[in-house]
Amino acid sequence: MQSAIFFALQHDCGQMERTPSSCQNEEKKGKMKRTIIKDWKTRLSYFLQNSSTSTKTKSNKKGKQHAYFRPSPEEAQLWSEAFDELLANKYGLAAFRTFLKSEFCEENIDFWLACEDFKKIKSPQKRRSKAKKIYNDFIEKEAPKEINIDFQTKNMIAQNIQEATHTCFNAAQKRVYSLMENNAYPRFLESEFYQELCKQSQFTREPQGT
């Protein structure tokens, strides 16, 4: 697909009568596109490399260790069955977020994850503090990671965070989930990014660590 895009840009500049500056603009756009794709593949390579030998271990409160295995191609293919299957998998979630970063729209998954963490908070004081941070980061106008939700939902959240109940971000989270499921998720499944994960054939299934 990358080659086809680049060939099309060359063909347009060669066949249509355009000013030199016009062709230069097209060439710049082509270079930018190639840079984005290169960065995307670099991110994928880094992701695969850092999970290639299968695991990181994490100790729980009792001192026991849990191994996180890199998925096999068959397991990666399960992510295509349902969006929830992807989000529920440690590496699936990491791969999807890396893909969204390549499309410059990772704020959606970041917001969704922030809401999931928010709902687990038991302390009312900590919940209010977290609610305010989520609002400042994702909801308010010109927030650094502003998500695309309607004005009414924003107003409702602004009122709800005063009490900061577990459900105050539910409407926005459902909206963002729907956007990802219907837009980014299908693109992820069709991307080289995901296809490369499914093609990997050598996996070490022994956990590292002691």
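Helix 5 (residues 90-102) and helix 9 (residues 170-190) pack at an angle of about 95°, with 10 Å between their axes; the axes are lines fitted to C-alpha atoms, for helices over the stretch in contact, and angles run from 0 to 180 degrees between N-to-C directions. The structure is a predicted model, in which local features need pLDDT of at least 70 and side-chain atom pairs count only at pLDDT 80 or more, whereas totals for chains, interfaces and linings use all residues. Residues are numbered from 1 along each chain as its sequence is written, and side-chain values use heavy atoms, with hydrogens and water left out.

**Overall composition**

- The secondary structure of the protein chain comes to 10 helices and two strands, where helices (H or I, at least four residues) and strands (E, at least two) are DSSP runs numbered from the N terminus.
- Along the sequence, these elements follow the pattern α-α-β-β-α-α-α-α-α-α-α-α.
- Of the 210 residues in the protein chain, 34% are buried, with buried meaning under 20% relative accessible area, exposed over 50% and partly exposed in between (1.4 Å probe, protein chains only).
- Among contacts in the protein chain with a separation of 6 or more, 60% join residues 24 or more positions apart, a contact being heavy atoms within 4.5 Å.

**Packing of helix 5**

- Helix 5 and helix 9 are roughly perpendicular to each other, given that angles under 35 degrees count as roughly parallel, over 145 as roughly antiparallel, 65 to 115 as roughly perpendicular and the rest as oblique.
- On the helix 5 side this contact is made by A95, F96, F99 and L100, which meet M180, A184, Y185, R187 and F188 of helix 9.
- The residues of the contact of helix 5 with helix 9 divide into eight nonpolar, no polar and one charged; Ala, Val, Leu, Ile, Met, Phe, Trp, Tyr, Cys and Pro count as nonpolar, Asp, Glu, Lys and Arg as charged, and the others, Gly among them, as polar.
- The axes of helix 5 and helix 6 come within 8 Å and cross at roughly 140°, which makes helix 5 oblique to helix 6.
- In that contact, L93, F96, R97 and L100 of helix 5 are set against I109, D110 and L113 of helix 6, and the classes are five nonpolar, no polar and two charged residues.

**The nonpolar core**

- The largest nonpolar core has 42 residues, and those with the most contacts inside it are F96, F111, I139, F169 and F188; such a core is a set of buried Ala, Val, Leu, Ile, Met, Phe, Trp, Tyr and Cys residues joined through side-chain atoms within 4.5 Å.
- Two or more residues of this core come from each of helix 4 (83-88), helix 5, helix 6 (107-118), helix 7 (124-139), helix 9 and helix 10 (192-199), and helix 9 gives the largest share, eight residues.
- Not counting residues up to four places away in sequence, F96 touches F83, L86, L87, I109, M180, A184, Y185 and F188.

- The buried residues of helix 8 (residues 151-160) are T153, K154 and I157, and they cover an arc of only 100° around the axis, which puts them on the same side of helix 8; the arc is that of the directions from the helix axis to the C-beta atoms.
- These buried residues of helix 8 pack against helix 7 and helix 9, while the face turned away from the buried side carries the exposed residues F151, Q152 and Q159.

**Individual residues**

- Q173 lies in helix 9 and, at 6% relative accessibility, counts as buried.
- Leaving aside neighbours within four places in sequence, Q173 is in contact with F111, W112, C115, E116 and K119.
- Most residues other than glycine have a negative phi.
- F104, in the loop between helix 5 and helix 6, has a positive phi of about 60° although it is not a glycine, and it is exposed, with a relative accessible area of 60%.
- E142, in the loop between helix 7 and helix 8, also has a positive phi, near 60°, and counts as exposed at 68% relative accessibility.
- A82 is placed in the loop between helix 3 (73-78) and helix 4 and is partly exposed, with a relative accessible area of 29%.
- Although A82 and E181 are 99 residues apart in sequence, their C-alpha atoms are 9.0 Å apart in space.
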